Amino acid sequence: MQITIPSRFQGPPTMGHGGYVAGLFANRTPGAVQITLRQPTPLDQPLELTDLGDDRWALMSGPEVIAESEPRELSLEVPPPPTLDAARAAEAGSPAFYDERGVHPTCFGCGNRREPGDGLRIFVGPTEAAGPRQLAGVWHPGPAFAEADRTVSTQIVLAALDCPGAFAFIADDTRAGLLGRIVFEQYGVVRSDADHIVTGWQEGEDGRKLFAGTALFSAEGVLLAAARATWFQMTVVG
């Protein structure tokens, strides 16, 4: 199956948004799925999405593997979210509004220069919630991301859980760079016409690898989706 990732769905300006690309696989896999991003995804170029059998898929650019997926159990302890009002208040401190530190203002997921309905505009920031440090924000998908029944596709739900994991580290002055792997599972229906709470938190580090958890809740605090991601810390030269 030939597909193209339009430049609208960029993360960093020259490559596909990792969560959006990973969502291609989640849309085709029942239950929990692990997606490994091997290389940056080219934009506006024909790519081949190949069914490998047994719910495994690969995204190819010629002979090069860009990304691949397989069923995998999600093992993640999800902390309870803040209230909707607290999540909205946390957005003011989001890394999405930093001048520097590796945040891309035109990113499909978190870019503050993207217009409503064009990007997801998810701006998680530090909260005052008890327990493990959490970042949170509010996401109202809107009609641009609605299916015919006013739900949001699994692909877009996964995309929403990408950047908040990086922000959990960026808010602590650790430069999360590229998404390398994400394990994702959706538990409930996400409505396009409702407010949702998005959270992100640190899960640990191993050398340059940064592990983060992210989750999506209804406005009432019902868990709808979660993910555990592996990011690669950026190396600053000079």
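Tutor: Contact means heavy atoms within 4.5 Å. This is a predicted model, where local features need pLDDT of at least 70, side-chain atom pairs count only at pLDDT 80 or more, and totals for chains, interfaces and linings use all residues. Residues are numbered from 1 along each chain as its sequence is written, and side-chain values use heavy atoms, with hydrogens and water left out.

Student: Which residues does Arg-114 touch, not counting those up to four places away in sequence?

Tutor: Arg-114 touches Arg-8, Gln-10, Pro-105, Thr-106, Cys-107, Phe-108, Gly-119 and Arg-121.

Student: Is Arg-114 buried or exposed?

Tutor: Buried means under 20% relative accessible area, exposed over 50%, partly exposed in between (1.4 Å probe, protein chains only). Arg-114 counts as buried because its relative accessibility is 8%.

Student: What does the side chain of Arg-114 make a polar contact with?

Tutor: A polar contact is a pair of N or O atoms within 3.5 Å; within protein, one must be able to donate a hydrogen and the other to accept it, and residues adjacent in sequence count only if both atoms are side-chain atoms. Here the partner is the side chain of Asp-118, at 2.8 Å. The Arg-114 side chain also reaches the backbone oxygen of Thr-106, at 2.7 Å.

Student: How do the residues lining the largest pocket divide?

Tutor: Ala, Val, Leu, Ile, Met, Phe, Trp, Tyr, Cys and Pro count as nonpolar, Asp, Glu, Lys and Arg as charged, and the others, Gly among them, as polar. The lining holds 17 nonpolar, eleven polar and three charged residues.
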